[in-house]
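Subject: Structure handover

Hello,

My notes follow below it.

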Amino acid sequence: LAGVVQGKRLVFLTDTNVFGIYKTLFGNHAIIVVPAAEESKSLATIQHITEQLIDLEADRQTLLVGVGGGVITDITGLVASMYMRGISLGFVPTTLLGMVDASIGGKNGVNVGLYKNMLGTIRQPQFILFDKEFLGTLPQVEWSNGFAEIIKYGCVFDTFLFEELMDHDLQYYMDNIEALQSLIHRCVEWKNKVVMEDETERGQRKLLNFGHTVGHAIENRYGLPHGFAISIGMLIAARISEAYAGLNTEVQHLLRRTLQQYQLPTDLAYEPEGVMSILSLDKKRVNGGIDFVVLEQIGKAAIRKISFDQLSVALLNHTDAGDH
Ligand SMILES: NC(=O)c1ccc[n+]([C@@H]2O[C@H](COP(=O)([O-])OP(=O)(O)OC[C@H]3O[C@@H](n4cnc5c(N)ncnc54)[C@H](O)[C@@H]3O)[C@@H](O)[C@H]2O)c1
């Protein structure tokens with residue numbers, strides 16, 4: 001860090017788990033610790049952090065550094081974009097999901113009730129430091145969580161990546177750090193490229209939401225880790241893609257099998273009406289429907305307007321088909 005911050009005053013933001021494991025790494029710097037939970041993505045936490053920044057006499061020269069998973073990088077981004085109308089920030093992602101996705105691209109946000117990321121901004125960090133050593137303490141469930149987003153990149157952009165993932169499994173990457181590093185690198189490159197071309201999500205960046213429309217609707221409602229919800233969301237999106245984008249039926253089976261190889265859930269007994277009530281307020285809604293990311297084939301995604309009626313039918317079919 002010393003190499004990139006050039007004498008700025010640092011305030012670290014992290015969660016209780018990361019602080020518990022890596023306390024000594026923070027040295028004597030000011031540090032704000034929030035509970036390790038999705039519930040920390042709330043306005044109440046933002047207010048609490050702001051009060052601590054005031055107590056610490058943080059000013060516009062202060063650099064806020066988020067060290068943690070997607071929850072921490074999302075909160076750090078939002079606080080930094082609002083505190084004194086904006087201060088600099090940097091990230092040290094410590095989860096696989098944070099490294100391949102959440103820390104990149106500048107999107108941040110907090111939830112309001114069951115609605116994911118309802119309040120947020122786009123603010124780019126000055127740096128992102130990747131250190132694979134953090135993955136050494138990551139629970140297995142968090143590895144799976146990260147692989148949901150890695151599989152997503154394969155589905156949306158990269159047939160070669162998808163095939164590589166099909167040929168291996170979670171244990172392979174947990175045991176082969178070099179293979180993992182090249183995988184992380186590939187995902188970072190994809191996300192960087194997309195964000196550089198379309199920071200404000202008017203075009204290509206929308207494709208990164210594959211699996212996230214339904215995924216976000218079930219994430220908080222059923223208390224699932226982000227990647228687990230996205231896993232289910234991608235399968236439902238694949239089913240919708242079959243109906244409205246001509247996706248080959250075989251792909252859904254391949255996707256299901258690949259998700260299972262990474263210990264991701266492929267079935268969930270959800271309540272379609274409850275999910276629909278959240279979807280009807282989705283950020284991507286447009287008169288009576290949603291701009292939905294579909295797959296035309298592996299490695300090729302597109303946006304289709306799907307009506308709420310069509311979505312409702314797909315959700316009912318998913319539960320009727322015994323996919324839970
Ligand atoms: N802004 C974006 O572009 C973007 C993209 C994807 C996801 N997200 C958001 O990210 C969040 C999910 O991120 P996440 O999966 O990283 O969750 P998380 O931040 O909750 O981290 C998961 C768990 O791992 C623990 N942990 C973190 N690093 C660890 C380490 N090195 N060793 C041991 N334990 C560690 C955390 O304390 C937590 O309990 C969601 O809120 C999601 O909405 C944001």
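In β10, Ala301 is the bridge partner of Leu295. This is a predicted model, so to speak of local features we need pLDDT of at least 70, side-chain atom pairs count only at pLDDT 80 or more, and totals for chains, interfaces and linings use all residues. Residues are numbered from 1 along each chain as its sequence is written, and side-chain values use heavy atoms, with hydrogens and water left out.

Strands and hairpins

β9 and strand β10 (residues 300-307) pair in the antiparallel sense, over eight bridges. Strands pair if DSSP finds at least two bridges between them. Helices (H or I, at least four residues) and strands (E, at least two) are DSSP runs, numbered from the N terminus. Two residues sit between β9 and β10 in their hairpin. Gly299 in that turn has a positive phi of about 90°.

On its other pairing, β9 (residues 289-297) runs antiparallel to strand β8 (residues 285-286), joined by two bridges. Arg285 has Ile290 in β9 as its bridge partner. The hairpin of β8 and β9 also has two residues between the strands. There, Gly288 takes a positive phi near 75°.

Ligand site

Which residues come nearest to the ligand? They are Asp15, Glu38, Thr94, Thr95 and Lys116, out of 27 residues around the ligand. Near means that a heavy atom of the residue lies within 4 Å.

- Asp15: a polar side-chain atom lies 2.7 Å from an oxygen atom of the ligand.
- Asp74: an N or O atom of the side chain is 2.8 Å from a nitrogen atom of the ligand.
- Lys116: a polar side-chain atom lies 2.7 Å from an oxygen atom of the ligand.

On its own, the ligand has 870 Å² of accessible area, and the protein covers 91% of that. Areas come from the Shrake-Rupley method with a 1.4 Å probe; for residues, only the protein chains shown count as cover. The elements giving two or more residues to the shell are α2 (16-22), α4 (70-82), α5 (96-102) and α6 (140-157). α2 gives the largest share, four residues.

Aromatic pairs

The structure holds eight aromatic pairs. Rings of Phe, Tyr and Trp (its six-membered ring) pair if their centres lie within 6.5 Å; planes under 30 degrees apart count as stacked, over 60 as edge-to-face and the rest as tilted. Phe19 and Phe26 have ring centres 5.9 Å apart and planes at 45°, so this pair is tilted. Tyr172 and Tyr173 have centres 5.0 Å apart and planes at 85°, so they are edge-to-face. Tyr173 is buried, at 0% relative accessibility. Tyr172 is partly exposed, at 29%. Buried means under 20% relative accessible area, exposed over 50%, partly exposed in between (1.4 Å probe, protein chains only). Ring pairs link Phe147, Tyr172, Tyr173 and Tyr262 into a cluster.

Most residues other than glycine have a negative phi. Glu57 is not a glycine, yet has a positive phi of about 60°. Glu57 lies in the loop between α3 (43-55) and β3 (62-68) and is exposed, at 63% relative accessibility. Asn117 has a positive phi near 50°. Asn117 sits in strand β6 (residues 115-119) and is buried, at 19%.

Regards

Conventions. A polar contact is a pair of N or O atoms within 3.5 Å; within protein, one must be able to donate a hydrogen and the other to accept it, and residues adjacent in sequence count only if both atoms are side-chain atoms.
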